[in-house]
Amino acid sequence: MFPVLFSIGPITISSFGLFLSLAFIYGSFLVWRLARAWELSEEKVLDLIILTFFGGLIGARLFFVALNFEFFAADLFKIFPLTKYPGMSFWGGFLGGWLTLFVFARRLKFNFLQIADLAAVGFLGGLILSDIGCFLGGCGVGRVSSTFFAVPVVGVVGKRFPVQIFEALITGLILLKIWPMATHFHNFGKVVSLSLISLGLVKLVTEYFRALHQGGYFLSLAMFGLGVVMYYSSSNKSPIVDVKLIL
């Protein structure tokens, strides 16, 4: 749609870059609000936010490079200039961020399930804005569609299903349902597990509408399964009841 918002001399502001920055700010704000509500160390939480963000960013880039290695193989320096050779993977970002969170939450002496609940809320908030940026920037495009709301995308042929906007809207609804739970007393791990279950289902559905499938079905099911396992480890209730309330 609008991969470049504007340019000031040699400086180019991309829509995806701008919304990725906004996603980080909004997600960090949500985590900070919850950290204050649960009386956690704001300084340590901020450190963990920054570490997790960069861990996710590195994971997103490396996963994308691995999936498209034939493009980068001739010149590995193409990996680093993101504005010239863009490309990020949601699944790489999720895995990189999750691993970073797990490692540094323990080092900073947090209860992992408690801090994962906070991170899940921030992740949902950030995903909404990053999806919008992806829509404007023309990444993660949908399949060719003849529906009245299909849109043209720069660099590809034919009008496409706006899967990024569809995912952003559903994720927003999930966040609205998850937020009250996160701000009130709950078993640690319940928020993150229900977030993973809900998001896994959403990703499973939206994968059908994407133009390219790079393991998305398998990874969506893996995310859903991880959420179910975490839910049962933190609660004796069936997760299906809570998921129905969220969706």
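1. A search of the whole structure turns up four salt bridges, a salt bridge being a side-chain nitrogen of Lys or Arg within 4 Å of a carboxyl oxygen of Asp or Glu. Do keep in mind that this is a predicted model, where local features need pLDDT of at least 70, side-chain atom pairs count only at pLDDT 80 or more, and totals for chains, interfaces and linings use all residues. Residues are numbered from 1 along each chain as its sequence is written, and side-chain values use heavy atoms, with hydrogens and water left out.

2. Have a look at Glu 167, which sits at 0% relative accessibility and counts as buried (under 20% relative accessible area; exposed is over 50%, partly exposed in between, with a 1.4 Å probe and protein chains only). Glu 167 meets Lys 203 in a salt bridge, 3.0 Å from N to O. This pair joins helix 6 (residues 163-183) to helix 7, across 36 residues. Lys 203 is buried too, at 6%.

3. Glu 167 also bridges to Arg 210 at 2.8 Å, N to O. Arg 210 lies in the loop between helix 7 and helix 8 (216-234), so this pair ties together parts 43 residues apart in sequence. Arg 210 is buried, at 13%. Together with Glu 207, the residues Glu 167, Lys 203 and Arg 210 are linked in a salt-bridge network.

4. Elsewhere, Glu 42 pairs with Arg 36, their closest N and O atoms 3.5 Å apart. Here Glu 42 is partly exposed, with a relative accessible area of 37%.

How values were computed. Helix = DSSP H or I, 4+ residues; strand = E, 2+ residues; numbered from the N terminus.
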